[in-house]
Amino acid sequence: MTNSIHLLPDHIANQIAAGEVIQRPASAVKELLENAVDAGATEIKLIINDAGKALIQVIDNGKGMNPIDAQNSFARHATSKISSIEDLFQIRTMGFRGEALASIAAVAQVTLKTRQAQDELGTKVEIENSNVNETSPIACPVGTNISMKNLFFNIPARRNFLKSNSAELKHIIEEFTRVALAFPEIYFSLTNNGQDVFHWEGGSFKQRAIHVLGNSYQTKLVAVGEKTDYLTISGFVGKPDTAKKTRSDQYFFVNRRFIKSPYLHHAIANAFEGLIPKENFPSYLLYIDVDPSRVDINVHPTKQEIKFEDDKIIYAFVQAAVKHALAQFSIAPSLDFSLDADFQQLDGIQKPFTEEQRNSAASSSLYAGFTQKNQAHFIPRVSDAEKKEWKSFFSDLPTSGDENNLTSNSDSFIVKSSSMGLYKESNGIKVNEDTTLLQVNNTYIIAPTASGFIMVNQQLAHERVLYEKYQKATVHPHATQKSLFPVVMELGVADAILLEDIIEDLAVIGYEIEPFGQNSFIIQGIPADVISGNEKNAIELLLEQFKHFSGDIKFSKREKIIRCMARQSAIKSGQSLTQKEMHSLIESLLECEISTLTASGAPTYIDFKESYLDGLFSK
Ligand code: ADP
Ligand code: MG
């Protein structure tokens with residue numbers, strides 16, 4: 001008889017546990033920074049190589065460890081921070097689960113050097129695969145210096161899962177920023193591949209916020225501060241004009257711990273209602289302090305989610321505090337007139353559009369003629385219900401899925417230039433250029449054809465047109481117009497890294513963007529057919545959409561960018577169009593290689609054939 005159950009050796013158990021705590025270099029960074037904070041450091045330096053894949057090192061001037069603790073710190077469930085279950089509800093430290101060092105020692109080659117102030121000599125511990133290779137006395141400064149090399153060196157499958165250096169670096173910077181924002185009194189620095197990325201002197205919350213968000217926030221933060229017996233809330237919200245198309249600058253801390261809480265985010269968004277356009281995100285940096293017994297931080301291995309004793313109270317409180325802050329600074333909805341003034345300055349608001357620009361635009365391409373108005377305020381999506389009805393109207397067009405389904409159909413595309421007053425023919429559809437077109441709801445265009453009519457969705461149609469245009473640009477780079485007054489754009493750290501990553505691809509479609517100091521970029525040129533004046537907004541939107549896409553591995557980076565650009569630059573529903581613009585749109589659409597669907601598979605128009613229409617009226 002053979003037994004099949006056995007106890008896993010420690011190093012394997014630790015590797016498995018590490019899967020929860022250390023998913024990527026950034027998770028190790030977070031744990032090590034938090035340990036340094038817990039040790040009372042006033043100076044914390046983070047050094048990484050190859051986005052943390054080769055090296056992550058944290059040097060602190062905290063209280064250090066004695067030789068025994070130095071060794072024990074790597075054992076599983078080894079912690080100095082709690083000793084009973086009651087302690088769990090009085091936690092004031094970042095760590096308490098005693099898992100981080102054990103996990104790190106299971107998946108990297110670790111060297112720890114540490115000394116307490118009262119000891120003359122420090123201790124060095126070398127550990128790999130959960131095995132201590134060496135412990136020896138060593139001369140070193142007070143504090144702890146821990147370095148981990150070759151993360152996941154012994155778990156190739158995990159190592160292979162790591163993303164590109166720029167993606168991993170982005171995560172590291174995110175974690176670094178969160179800890180730095182929670183503890184502004186501590187000096188933090190970050191060095192990547194020998195280059196100084198950040199060094200932030202200790203100071204006030206506001207000073208740290210400006211370091212992280214950028215100087216442009218100097219005058220754009222509104223202080224939030226309310227105190228009750230139950231909890232204290234402090235921090236800042238950005239004035240409405242700092243609202244972004246991306247979620248980047250949103251930070252919420254509870255007892256100095258960064259947490260993710262869609263629920264509380266909603267409370268803040270609610271307080272901003274009416275002050276910023278619907279699709280924008282307010283920026284905020286809010287700190288809640290509450291008796292630790294009223295929150296449970298142990299609901300998630302990485303401690304980014306917490307449970308409040310009563311989250312409705314917190315919700316109401318956060319919302320009221322933010323509203324109050326906005327009101328005090330005359331940005332409240334009750335003062336509608338001043339709000340209007342603020343509103344007018346938002347980037348998404350209509351830019352001046354001169355007759356001259358209009359003319360040159362009209363001749364250069366379709367797009368320009370459509371850019372006049374408020375497009376940032378209207379991003380309609382066709383609801384699923386509507387789509388379904390549409391589909392039943394389809395006669396011989398493919399109705400779903402990606403455009404690949406179309407290949408069998410592509411033989412039937414006839415694209416020829418105009419003669420006899422017919423300008424284009426695609427899928428056998430002809431629209432006479434003299435015909436008066438009808439725009440319905442500023443959304444659909446009804447165009448009579450030789451055999452019935454087509455109903456075109458103006459936004460989706462334009463998306464297809466632009467998509468093909470940008471696609472061609474990847475073969476023949478798109479023309480750039482140099483900006484007379486280059487625009488400087490300052491982004492959050494995460495967005496800055498993302499933008500850097502796609503800068504070359506944007507160049508192909510005509511955006512000339514250059515890095516310009518910390519998290520700033522200078523826009524030197526924009527695609528020839530984009531009206532200047534709105535470029536910042538356009539890029540913010542692009543980044544936001546790109547993020548939604550970025551998990552999708554089906555598509556190349558360039559394909560994603562093209563799709564985003566097309567979606568973002570397309571004229572929107574709600575935009576009133578002239579006859580000329582409508583004709584021009586339909587002409588360009590029917591000229592497309594695939595005119596019937598957008599790149600993501602939504603129909604661009606529906607063909608109502610006479611035979612179908614007749615059928616509707618039969619008895
Ligand atoms: P936790 O932080 O949850 O207690 P860790 O595995 O992160 O667990 O660390 C284990 C223990 O090692 C800590 O409780 C602490 O006593 C000690 N330790 C870790 N890092 C440091 C540091 N930078 N300075 C001083 N002590 C440290
Ligand atoms: Mg810890």
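Thr 191 has Asp 196 as its bridge partner in β8. That pair belongs to a hairpin made by β7 and β8, with two residues between the strands. Keep in mind that this is a predicted model.

**The β7-β8 hairpin**
- Strand β7 covers residues 187-192 and strand β8 covers residues 195-200; the two run antiparallel and are joined by five bridges.
- In the turn, Asn 193 takes a positive phi of about 45 degrees.

**Nonpolar cores**
- The largest nonpolar core counts 65 residues, and those touching the most other members are Leu 33, Ile 44, Leu 46, Phe 74, Met 148, Phe 188 and Leu 285.
- Helix α6, residues 165-182, is the top contributor to this core, giving eight residues.
- Both domain 1 (10-200) and domain 2 (205-328) supply at least three residues each to this core.
- What does Leu 285 contact, leaving aside its neighbours within four places in sequence? The list runs Leu 181, Ala 209, Leu 213, Ser 234, Gly 235, Phe 236, Tyr 251 and Phe 253.
- There's also a second, separate core of 36 residues, with Ile 91, Val 222, Ala 243 and Phe 317 among them.
- As background, nonpolar side chains tend to be buried together in soluble globular proteins.

- Helix α1 has twelve residues (10-21), so at 1.5 Å a residue it should span 16 Å; its end C-alpha atoms are 16 Å apart, which agrees.
- Buried in α1 are Ala 13, Asn 14, Gln 15, Ala 17, Ala 18 and Val 21.
- Helix α7 (205-213) buries Arg 208, Ala 209, Ile 210, Val 212 and Leu 213. Two of these, Ala 209 and Leu 213, turn up again as contacts of Leu 285.

**The four-stranded sheet**
- This is an open sheet with antiparallel pairing and the order β18-β19-β20-β24.
- The edge strands are β18 (438-440) and β24 (605-609); each has a single partner strand, so one side of each has no neighbour in the sheet.
- From one strand to the next, the twist averages 25 degrees.
- Inside the sheet, β19 (residues 444-449) and β20 (residues 452-457) run antiparallel and are joined by six bridges. Along this pairing, Pro 448 sits opposite Phe 453 in β20.
- Helix α13 (residues 458-473) lies across β18, β19 and β20, and runs at about 80 degrees to β20.
- Helix α17 (residues 579-591) lies across β18, β19, β20 and β24, at about 70 degrees to β19.

**Asp 495 in helix α14**
- Asp 495 is part of helix α14, residues 493-508.
- Is Asp 495 buried or exposed? Its relative accessibility is 1%, and because buried means under 20%, Asp 495 counts as buried.
- Leaving aside neighbours within four places in sequence, Asp 495 is in contact with Thr 246, Ser 248, Leu 543 and Lys 547.
- Asp 495 and Glu 544 are 49 residues apart along the chain, and their C-alpha atoms are separated by 8.8 Å.

Definitions and conventions:
Residues numbered from 1 in each chain as written. Chains lettered and ligands numbered in written order. Heavy atoms only, no water. Expected span 1.5 Å × (residues − 1). Buried < 20%, exposed > 50% of the residue type's maximum accessible area, 1.4 Å probe, protein only. Pairing = 2+ DSSP bridges. Axes fitted to C-alpha atoms, helices over the stretch in contact; angles between N-to-C directions. Contact = heavy atoms within 4.5 Å. Core = buried A, V, L, I, M, F, W, Y, C linked by side-chain atoms within 4.5 Å. Domains from an automatic or database assignment.
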